[in-house]
Amino acid sequence: MTPLNDALAGQYFQIEEMEDKDSCTTEVLLKADRSVDVLETNGPLYKAAYGSWKLENDSDFEMTLRRKYEGGQELKEPTDVGIFEFETVRIFRGRLNTIGAKMGVEGSIFDEERKVGFFEMIDSKEDSSLTGRAMAIS
């Protein structure tokens with residue numbers, strides 16, 4: 001592992017996700033085992049979320065987030081579909097840079113087939129606005 005990989009591991013980051021006209025902020029924790037804990041968001045509420053990350057050539061960053069959502073409602077009419085679950089996959093590709101004393105990444109968001117938006121990500125080690133408040137829905 002390179003020094004920059006070591007520097008990213010264990011860090012909290014806030015991501016501003018911009019897709020179409022919508023944007024939201026999500027906090028993630030990049031773990032040393034290359035997994036990602038997806039924490040609080042002000043975007044759509046997910047039922048479960050997880051991910052992975054990697055850094056190549058000390059600047060090429062990629063993170064994949066999978067989020068599971070629940071939709072629908074209890075069956076009331078014969079034509080209702082009922083409650084269902086679906087999963088989204090977003091791949092964040094960008095370049096690592098430093099912003100003063102903080103690390104950040106800017107880049108594009110992809111689903112599994114096409115570009116769907118942009119993101120900005122900055123480490124939140126000195127900003128406790130979201131840190132540690134995991135968002136889980138039972």
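**A polar contact**

Modeller: A side-chain polar atom of Asp123 lies 2.6 Å from the backbone nitrogen of Met103. A polar contact is a pair of N or O atoms within 3.5 Å; within protein, one must be able to donate a hydrogen and the other to accept it, and residues adjacent in sequence count only if both atoms are side-chain atoms. The model is predicted, so local features need pLDDT of at least 70 and side-chain atom pairs pLDDT 80 or more, while totals for chains, interfaces and linings use all residues. Residues are numbered from 1 along each chain as its sequence is written, and side-chain values use heavy atoms, with hydrogens and water left out.

Biologist: Where does Asp123 lie, and which residues is Asp123 in contact with?

Modeller: Asp123 is part of strand S8; strands (E, at least two residues) and helices (H or I, at least four) are DSSP runs numbered from the N terminus. Beyond four places in sequence, Asp123 is in contact (heavy atoms within 4.5 Å) with Tyr12, Phe13, Ala101, Lys102 and Met103.

Biologist: How many helices and strands are in the chain?

Modeller: The chain has one helix and eight strands, in the order α-β-β-β-β-β-β-β-β along the sequence. Of the contacts between residues at least 6 apart in sequence, 40% join residues at least 24 apart.

Biologist: Which residues of the largest nonpolar core touch the most other members?

Modeller: Such a core joins buried Ala, Val, Leu, Ile, Met, Phe, Trp, Tyr and Cys residues through side-chain atoms within 4.5 Å. Here the largest core has 23 residues, and Leu8, Leu30, Trp53, Phe61, Met63 and Met121 touch the most other members. S5 gives the most to this core, four residues. Among the residues that Met121 touches are Phe13, Leu30, Phe61, Met63 and Met103.

Biologist: Which residues lie nearest the centre of the largest pocket?

Modeller: On a 1 Å grid over the protein atoms alone, a pocket is an open set of points where a 1.4 Å probe fits, with protein on both sides within 12 Å along at least five of seven lines; lining residues have an atom within 4 Å of a point. The largest pocket has 16 lining residues, with Glu17, Glu19, Pro44, Arg67 and Tyr69 nearest its centre. Strands S1 (11–19), S2 (22–30), S5 (60–71) and S6 (84–99) each give two or more residues to this lining, and S2 gives the largest share, four residues.

Key: Buried means under 20% relative accessible area, exposed over 50%, partly exposed in between (1.4 Å probe, protein chains only).
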